[in-house]
2 protein chains.
Amino acid sequence: MDDFERLPTLTDVAKAAGVSPSTVSRYFRGLHIREPLRERVRAVATRLGYVPDPTAVALRSGRTNTIGVVLPQVANTFFSRAFQLMVEEARARGCAVLLLTHQEEQAAQEECLATLRRYKVDGVILTAVPGTTMDGVRKMLPRTPVVAFDRWFADEVDTVVLKNFEAARLATDHLLQHGHTQVACITVKPEIDSFKERTRGYTGAMVARGLRPQLVSADDYDELRDRVGEMLLALSEPGALLTLSNTATWSVLKACEDVGVASSSRALVGFDDFDYASLVQTPLTVIRQPVDDMVRRSVVAVFEQIEDASRRAAPKRISLDGELVCRASCGCA
Amino acid sequence: MDDFERLPTLTDVAKAAGVSPSTVSRYFRGLHIREPLRERVRAVATRLGYVPDPTAVALRSGRTNTIGVVLPQVANTFFSRAFQLMVEEARARGCAVLLLTHQEEQAAQEECLATLRRYKVDGVILTAVPGTTMDGVRKMLPRTPVVAFDRWFADEVDTVVLKNFEAARLATDHLLQHGHTQVACITVKPEIDSFKERTRGYTGAMVARGLRPQLVSADDYDELRDRVGEMLLALSEPGALLTLSNTATWSVLKACEDVGVASSSRALVGFDDFDYASLVQTPLTVIRQPVDDMVRRSVVAVFEQIEDASRRAAPKRISLDGELVCRASCGCA
């Protein structure tokens, strides 16, 4: 371990700054020390490259000032934006964020949780693989505070989600108000909890008007693209489409390209607003999720748990409203 | 630390599996043990939720099987795609990946490196903030293998980059071959090394034809969007645009929307291909970076360093070709 022999210690910093070791220690625990000592310690620590040993910090404070975030992936603008905001929110609280991704695989999720346990993170924000149970998570993280983001998986966990059912109903009703009677609902992995709720909302709106729901689903986005392409070429295909994620929206637009059908010939409402939604050939009508608010509530919830060491608070379920943003693809404008 | 009292130990696993502790230890070090013992250890470890203590593992093997990745951000499809591939490549080598982001801030980058040092990662892949020096990195990570991804910052570090100069020259020449004589080059943060190289390539192509280069730059994408909007409204504005990143391309398209100018009225070639490049109103001609290959080379380089404990290999600089993908925005088709 020669790496660490060369690293400066707290005592080195104290000597070089001309202060007591306990002053340096106070500085790194975020406690008050008066100027100009504070600035002197900061400058010397930076110059020497001193970083407190996390094990020592954890032993003193019980905290590593690190939050773990486990997401399916970041090649999806909803999650990449959410992660960016989590980093900002955690940083404002003096915490680093470690991101790990599970690609919707149970085994990969277990590895992520195992890594976060090894690294003794203070709390975890988790968008769980379908089928995740409380027992499964607690086996990997016996006591670490956990917040479920975007997907519910157990009532015992603080959960921050979109009002998925209501938002899907709103989107479907909007298409139906445009006079469509055939609306297909398009998604990957319908077993994901938020997609399940959205599907329920869609089905509810269809059935309420005596219409037959039609679900087009697949296990991944390439397969979905092919399946939508086939549907677009079928004679009796629906005139309107509801996509349950921004990546499903992308699959539909690529499928139109694949089979040479103008995407403008189909009414479309998609879940998730994103950077290019207004820039595609027919600007997209979408359900915008309150990502900022969802992230803020998740981060607040995880820090509340971290500070409530006795875990006396009852688990919270926070559901936030989606907003219908009308552009051209639904038939408006 | 009661969390850890409740966690199963290696001895618990050995007892429950009816094998010796050294067999369990061998299993978790990836060494050969014969079936059915191997399967028994795996099953019992999963059932009990046993995870080896990383400190103990690190003491034995000197490794934590964790790679740190430090990127500017992931709300940029180039980086989100790169990260996703890094996770896959590292996972194939039995390693977890921790992602941290610095948002182009030097202080945030130092915090990221400090976190990775605390967590004793085996290696780091870094897209560095402009102004990063070898000394600065070595102060935070005295000996950890480091690979520079997408941006050079010091000759002493293995570096994997696009042939930025050549790719920008290719893109500019293509616009000039379409007969344009006024081409503006649009970027944020021109001090970023890869943008510097691209600007050099653009300038070279312009000057070679006796044309005057015109650089439009800003410190962030909102400011860039406003600045491009002003340029589009100016009388003498250029007929063609070269954008140095996919986010600069987005700024241009949004600026066109802002000021009510059809983006199709300007020829455009942009750096970075991305999911929606073919789906915007005028499909975009782009320089496609070989992201997969860039990632693979970076991961190979970091593992080579990890395994070459004596660090005898000379630092490598790997530069890969960009590809011009012609769609409609340049004037082709």
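**Figure 1. Overall view of chain A.** In this predicted model, chain A is built from 13 helices and twelve strands, and its C-alpha atoms fill a box of roughly 80 × 40 × 35 Å along the principal axes. Of the 333 residues of chain A, 54% count as buried. Among the contacts in chain A with a separation of 6 or more, 70% are accounted for by residues 24 or more positions apart.

**Figure 2. The interface of chain A and chain B.** On the chain A side 63 residues are in contact with 62 residues of chain B, and the area buried between the two chains is about 5600 Å², of which carbon and sulfur atoms give 56%. Four salt bridges are found across this interface, together with 27 residue pairs in polar contact, both residues being at pLDDT 80 or more. The elements that give two or more residues to the side of chain A that touches chain B include α1 (2-5), α4 (37-48), α6 (77-92), β2 (96-101) and α12 (246-259) of chain A, while the largest share, eight residues, comes from α7(A). By residue type, the side of chain A that touches chain B divides into 32 nonpolar, 15 polar and 16 charged residues.

Figure 3. B:R91 forms a salt bridge with A:E105, where the closest N and O atoms are 3.3 Å apart.

**Figure 4. Helix α6 of chain A.** The end C-alpha atoms of α6(A) are 23 Å apart, which agrees with the 22 Å that its 16 residues should span at 1.5 Å a residue. At the start of α6(A), a side-chain oxygen of A:N76 reaches to within 2.9 Å of the backbone nitrogen of A:F78, and α6(A) is followed by A:G94, which has a positive phi, near 75°. The buried residues of α6(A) include A:F78, A:F79, A:A82, A:F83, A:L85, A:M86 and A:A90. A:R81, by contrast, is partly exposed, with a relative accessible area of 38%.

**Figure 5. Salt bridges within chain A.** The side chains of A:R81 and A:D292 meet in a salt bridge at 3.3 Å, N to O, which links helix α6 with helix α13 (residues 291-307) of chain A across 211 residues. A:D292 counts as partly exposed at 31% relative accessibility. A further salt bridge joins the side chains of A:K316 and A:D158 at 3.7 Å, N to O; A:K316 lies in the loop between α13 and β11 (317-320) and A:D158 in strand β5 (residues 158-162), so the pair ties together parts that are 158 residues apart in sequence.

**Figure 6. The surroundings of A:D122.** A:D122 lies in the loop between α7 and β3 (123-126) of chain A, and it is buried, with a relative accessible area of 7%. A polar atom of the A:D122 side chain lies 2.8 Å from the backbone nitrogen of A:T64, and the side chain also reaches the backbone nitrogen of A:N65 at 2.6 Å. Beyond neighbours within four places in sequence, A:D122 is in contact with residues including A:G62, A:R63, A:T144, A:P145 and A:I306.

**Figure 7. The surroundings of B:H102.** B:H102 lies in the loop between β2 (96-101) and α7 (106-118) of chain B, where it counts as buried at 0% relative accessibility. The side chain of B:H102 reaches the backbone nitrogen of B:E104 at 2.8 Å, and a polar atom of that side chain lies 2.7 Å from the backbone oxygen of B:T127. Leaving out residues up to four places away in sequence, B:H102 touches, among others, B:V70, B:P72, B:C112, B:V129 and B:R151.

Terms used
Residues are numbered from 1 along each chain as its sequence is written. Chains are lettered from A and ligands numbered from 1 in the order in which they are written. Side-chain values use heavy atoms; hydrogens and water are left out. Contact means heavy atoms within 4.5 Å. Buried area is the accessible area (1.4 Å probe) that two parts lose on being put together, summed over both. A polar contact is a pair of N or O atoms within 3.5 Å; within protein, one must be able to donate a hydrogen and the other to accept it, and residues adjacent in sequence count only if both atoms are side-chain atoms. Helices (H or I, at least four residues) and strands (E, at least two) are DSSP runs, numbered from the N terminus. Ala, Val, Leu, Ile, Met, Phe, Trp, Tyr, Cys and Pro count as nonpolar, Asp, Glu, Lys and Arg as charged, and the others, Gly among them, as polar. The expected span of a helix is 1.5 Å times one less than its number of residues. Buried means under 20% relative accessible area, exposed over 50%, partly exposed in between (1.4 Å probe, protein chains only).
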